[in-house]
Amino acid sequence: MFKRMLRAFGVGGPSVDTVLTNPNVRPGELLTGEVRIAGGDHPADIDQVKLSLVTRVEVESGDNEHNRNVEFARVVVGQRIQVGPGQHLALPFQFPVPLETPLTVVHGQHLHGMTMGLRTELEVRGAVDPGDLDPIAVHPIRSQEHVLNAFGALGFRFTRADSEQGRIHGVPQQLPFYQEIEFLPPQQFLAKISQIELTFVTDPHHLYVVLEADRRGGLFRAGGDTFGHFAMSHDEVIRTDWAAVLHQWMDQVAGRRSSHGHGMHGGHYPGHHGGHHGGGIGAGGIVAGAAAGVFGGMIVGEALDEVGDFFEGD
């Protein structure tokens, strides 16, 4: 009886360790590796071996906000497996990373506020399910990186990032949450704009860039949020001078120019982000070195604390 009770609590049962070939990945790529299972001191039946991507998401409930760990992609790598005492098994896997997966690293710097992990679960019949959680680093794809480079070229300063539950209307969003990357604007705009938030929604053919500016109120102007929405193919994004696009849009938001530009995506969209409007488009290229500077002020200790809290909480 006592041994059966211990087994129910997982004592002496199988253990699991997931080993990644490379923890660095980009949206749309494959995470590869193997799930290693070690048998305990008695035979065990494993109904399923599951892998899932997990990140922290901010959830609003009434006037309150709280964070919770959300699973947003899952792969089953094994079913109906018998593991004998002391037996070792290795299950290779390929895990497709969704194109909308939030970014956690830009130009080698961890984005303050972001956590991401690959969780492994064994469904052991008649016992507590053992598990494993491994941190992964999600880097931008080429088109996303091209836009981020422009923020650095213009002198924006990254502050933090998070993922928020909800949907942005007007874009083909698949996940039930979206990422916001927050910046302080360049000095010449600080008097009128306190913050810029950047969101990417990515599909195989297009990149949707959603901008939100927090305008400061004044004697002759109202404060509040202003939105921009740009939709292009990935190739078009790379051919576009995003520094010019951003600068023109910031001028419009700050009231320096007419707000009626040559929009890539005109009109207004109801929903979470209110209305979205496009800005003018130029042509050219951005030097990546400037973007490395905009993300270079991260405090490594804070990044490690975030990851540690995430895995401890899980």
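Buried means under 20% relative accessible area, exposed means over 50%, and partly exposed is in between, using a 1.4 Å probe and protein chains only. Keep that in mind for two residues today.

First, the ground rules. This is a predicted model, where local features need pLDDT of at least 70, side-chain atom pairs count only at pLDDT 80 or more, and totals for chains, interfaces and linings use all residues. Residues are numbered from 1 along each chain as its sequence is written, and side-chain values use heavy atoms, with hydrogens and water left out.

Now confidence. pLDDT is the predictor's confidence in each residue, from 0 to 100. The chain average is 81, and 75% of the residues score at least 70. Residues 1-11 fall below 50, with ten contacts (heavy atoms within 4.5 Å) beyond near neighbours in sequence. Residues 257-289 are also below 50, and that stretch has 87 such contacts in the model. Where pLDDT is low, the predicted coordinates should not be read in detail.

On to Thr 55. Thr 55 sits in strand β4, residues 44-61. Strands here are DSSP runs of E, at least two residues, numbered from the N terminus. Buried or exposed? Thr 55 counts as buried, because its relative accessibility is 0%. A polar atom of its side chain lies 2.6 Å from the backbone oxygen of Thr 115.

Next, Arg 26. Look in the loop between β2 (24-25) and β3 (30-38). Arg 26 has 33% relative accessibility, so it counts as partly exposed. Which residues does Arg 26 touch, leaving aside neighbours within four places in sequence? Val 97, His 139, Pro 140 and Ile 141. Take His 139: it is 113 residues from Arg 26 in sequence, yet 5.0 Å away in space, C-alpha to C-alpha.

Key
Helices (H or I, at least four residues) and strands (E, at least two) are DSSP runs, numbered from the N terminus. A polar contact is a pair of N or O atoms within 3.5 Å; within protein, one must be able to donate a hydrogen and the other to accept it, and residues adjacent in sequence count only if both atoms are side-chain atoms.
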